[in-house]
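Here are a few notes to read beside the model. Keep the structure open and find each residue as you go.

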Amino acid sequence: MSAVRGEFSSRFGFIMAAAGSAVGLGNIWGFPTQTASNGGAAFLIAYLVLAFFLAYPALMAELIIGRHGQANAVTSLKKISAHKWQKHFAFMVGFGGILCAGFILSFYAIVAGWMLSATLEPIASVVGLNQTATWLGEQSLIRNVLFTLIFIALTILIISRGVENGIEKWSKRLMPALLLILFALIAYVMTQDGAIEGLQAYLIPDFSSILDANLLVSALGQAFFSLSLGTSVMIIYGSYISKKENLVSLGAYVTLIDVFIAFVAGLLIIPAMYVAQAQGVEIFSATGELLSEDTLVFQVLPALFDGMGNAGLYIGFAFFALMSIAALTSSISMLEAPVSYTVERFSVKRLHATWLIGALIALVSVVIVCNLGSLFGLVITITTKIAQPLLGLMCCLFVGWIWYRSSLLKAIQQGNPSVHNTLFWKIWPWYTKFVCPCAIGLVFLHSLLS
Ligand code: PHE
């Protein structure tokens, strides 16, 4: 099987693909809005600590399971299971993750569709298609369905080309483009009135709220979503890494890039909110809470861009193009999870599997779009607040309790022969065995109870 399996052709290719999966709407939109609604810099600090001390070890668990198994999530988890019950458990966790990835894609594609139409809107205005521009800018069922489907089709087109020519090639193109646009936008926003006030809110912490349980729950959820954990995505990406690579440092790079981009996105979005506020847009309530967190992007930012006159059209285009690119490098990883499983489990051709699963997910998306009020929030809650932390926790249990330690060490030593002498090996196995499951479990319980 390994002869026909795809593999990332380079270290850089893997880092771009995995960071591409991690960096998405969660970083560029989710993180800054969560930061703004959870007390600014205090949330940032909690997020940084949780990302490095809980999400990174959990990411390493998923990557090593995949790299060792060299197969889709279900098969990889089964390979480290010795007993029958463990194999059943492996199926539940692996398949659960695949389902979770599929459902995340079904709502993610809707939001990404909004981003796509918002990218086209300024273009329509520039070329004088004013009616089209208005249509693109207003919520309507037809527009939402159309752009959700276009976004899923783009995702399918990339995934049907496989690992090296699809995922890797496009991640290597799109990720640097994303960084460029992000920095250009920050440079622009910093020249506007109100930006400095935003920077202060973002960077000067109010330490009193840092141990607030709700803040910690949101920060951990955000870190898990952002690193694409508990969806079997990182298991499958891990399985495409060569055994010659040092997994410990690769995982660290991916975490660093993900956290860095979230941090940098905060430098754009939070000052942009204050700039918009300086221009008269209402952003915070009288008590200092962020108003309408999820739709803010389509209210505040267009208002901000409008205030900039003609330049606003171009900046608006760049901003929403940035969001669309970030969404695409993430959505391809979500689709890869079920596709890789179907290809390997049922020996179906990749092209057929991709279109079939893509069509199924599109169907679910359309059902959600038609019932936005009742289904959208529900699917987000079930996948990101319940399934992701639980499945991430179970991957830690696999590595900590089911996988034999000597065999785990051998797997990590590939590409990193002296790992047993490093601080990583002294801390991580014990850490994934006790600390990660307990901490994730506690946070999960808290979020259920509240
Ligand atoms: N990490 C992506 C983001 O931040 C979302 C994602 C979740 C991607 C789960 C893959 C799997 O937007």
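1. Start with one loop. This is a predicted model. Serine 232 sits in the loop that joins α10 (213-226) and α11 (233-239).

2. Is serine 232 buried or exposed? Its relative accessibility is 4%. The cut-off for buried is under 20%, so serine 232 counts as buried.

3. Next, look at what surrounds this serine. Leaving aside residues up to four places away in sequence, serine 232 touches Glu62, Ala73, Gly94, Gly97, Ile98 and Ala337.

4. Now move to helix α1, residues 11-22. The helix has 12 residues. From first C-alpha to last it reaches 16 Å, close to the 16 Å expected at 1.5 Å a residue.

5. How many residues of α1 are buried? The count is 10 of 12, so the helix is mostly covered. Among the buried ones are Phe14, Ile15 and Met16. Ala22 is also buried.

6. Ala22 leads on to the ligand. Which residues come nearest to the ligand? Of the 17 around it, they are Ala22, Gly26, Tyr108, Phe225 and Ser226.

7. Check the backbone here. A backbone N or O atom of alanine 22 lies 2.9 Å from an oxygen atom of the ligand. For glycine 26, a backbone N or O atom also lies 2.9 Å from a ligand oxygen atom. Serine 226 has a polar backbone atom 2.9 Å from a nitrogen atom of the ligand.

8. Finally, consider how the ligand is covered. Taken alone, the ligand exposes 330 Å². The protein buries 100% of that area.

Note on methods: Residues are numbered from 1 along each chain as its sequence is written. This is a predicted model: local features need pLDDT of at least 70, side-chain atom pairs count only at pLDDT 80 or more; totals for chains, interfaces and linings use all residues. Side-chain values use heavy atoms; hydrogens and water are left out. Helices (H or I, at least four residues) and strands (E, at least two) are DSSP runs, numbered from the N terminus. The expected span of a helix is 1.5 Å times one less than its number of residues. Buried means under 20% relative accessible area, exposed over 50%, partly exposed in between (1.4 Å probe, protein chains only). Contact means heavy atoms within 4.5 Å. A residue is near a molecule or strand if one of its heavy atoms lies within 4 Å of it. A polar contact is a pair of N or O atoms within 3.5 Å; within protein, one must be able to donate a hydrogen and the other to accept it, and residues adjacent in sequence count only if both atoms are side-chain atoms. Accessible areas come from the Shrake-Rupley method with a 1.4 Å probe; for residues, only the protein chains shown count as cover.
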